[in-house]
Amino acid sequence: LYEIVHLNRPFTSILTQTMSAAGESHDQGESHSNLLSSFLTFTSLIFSDIKTHHIPAMLCFNILLCVTEDNYANAFMHDENQVFPVFIFRTKLRHRKNIKGETAPMSLAYTLLDLMCEFLMTNLTKSFPTELYSKCYRVIHRVLCYEKKSKVRLNYPWSGLWNSVISAVKWSNSLELDTPEIIHNYIQVGRIFNMFVMYGDTFLPNPDSYDELYYEVLRQYAVFDSLNETALQYSNKGPQYKDLCRELLSSLHNIRALVNHFAPKIDAWSKTNKISTPTPEEVMEIVRSNYDSLTLKLQDGLDHVERYSEFPREQQFYTNLVRGICKDIREGTDLSLSSKEYHKFTTATQIGE
């Protein structure tokens, strides 16, 4: 499937239009699905155990990267008239109640974002899969870029996505991973939040969503502050970090400006009203009252999508994958020849010469 989607991009139209076997009788009022919705179900199963299925998870993400950079596939996934009930395998977590796997019929863009949130929240391990998280952020960014470009207002509970991304960043930063790749991840997170801050008015469902965004950033600013400290710390570790950390600091500029603008106003309101902790509604009211005086910096290239390419980013992965397949075949195949077979082989070789 990966090779077809990557090398034959028009196949994405087939992936979205073709009904799966389970959906052939949907005219009779039964639930229906297409190949893409079935693939999302399969992907959720893979994501539920990436320790065992790391390589399939990489392939699934690469397929999603190809799909989400295709305009036709994006248009279909965001079509409110094309809804499908998709079963999502969900990992049991202590802090949440058991959730039914099958969702109500939703657009595939809605389900895809749910799947990305599920991945972000259920793979926070000490052996942090940095590359997989990078691909997850890139998929989310592609969806946002399409929505901004097409001015599509997806009716999605965005606060769940913001919390999932922030939780993943908080966990990975606590591990103090000393690699340039993790800085790349944080830059991608900065782009995602800058997309919401700068262009959210073009794709968020309503003005209240903007207020909720600012509230979540203010509520969890400590996470972004720790990223800023990480960038300052890593910038002195060598030339491979210097430019990355400069880019990370730039991507955090608007987040810091937002907090520096609203935090003093919230503190002043709290002192005036003698309230230690304002409610979310009170914070959002303060935000609404002080929008006009907020100054933000325009970030270049926020809505630019780097098209998926195997070379050079994925070259090592596929090289190792092919070598692993060849090794498994050699180890699982009996290549020993009997004396009779060896005689036939040598005879045929001599005749050929």
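Cys136 is buried, at 0% relative accessibility, where buried stands for under 20% relative accessible area, exposed for over 50% and partly exposed for values in between (1.4 Å probe, protein chains only). Cys117 is buried as well, with a relative accessible area of 8%. The structure is a predicted model, in which local features need pLDDT of at least 70 and side-chain atom pairs count only at pLDDT 80 or more, while totals for chains, interfaces and linings use all residues. Residues are numbered from 1 along each chain as its sequence is written, and side-chain values use heavy atoms, with hydrogens and water left out.

A disulfide is a covalent bond between the sulfur atoms of two cysteines. A search of the whole structure, with a disulfide taken as a pair of cysteine sulfur atoms within 2.5 Å, finds zero. For Cys117, which is in no disulfide, the nearest cysteine sulfur is that of Cys136, 7.8 Å away.

The chain contains 16 helices and two strands; these are DSSP runs numbered from the N terminus, with helices being H or I of at least four residues and strands E of at least two. Of its 353 residues, 46% count as buried.

The largest nonpolar core has 100 residues. Such a core is a set of buried Ala, Val, Leu, Ile, Met, Phe, Trp, Tyr and Cys residues joined through side-chain atoms within 4.5 Å. Helix 9 (residues 180-203) supplies the largest share of this core, 13 residues. Met116, Trp158, Phe193 and Phe196 have the most contacts inside the core. Leaving aside residues up to four places away in sequence, Phe193 touches Trp162, Val165, Ile166, Leu213, Val217, Phe224 and Ile255.

Two further buried residues were examined, His78 and Thr230. His78 is located in the loop between helix 5 (71-77) and strand 1 (83-84), and its relative accessible area is 7%. A polar atom of the His78 side chain lies 2.8 Å from the backbone oxygen of Asn74. Residues up to four places away in sequence not counted, His78 touches Ala109, Val143, Tyr146, Glu147, Val152 and Leu154. Thr230 belongs to helix 11 (residues 221-234) and has 8% relative accessibility. With residues up to four places away in sequence again excluded, Thr230 touches Asn173 and Ile183.

How values were computed. Polar contact = N/O pair within 3.5 Å; in protein donor to acceptor, adjacent residues only side chain to side chain. Contact = heavy atoms within 4.5 Å.
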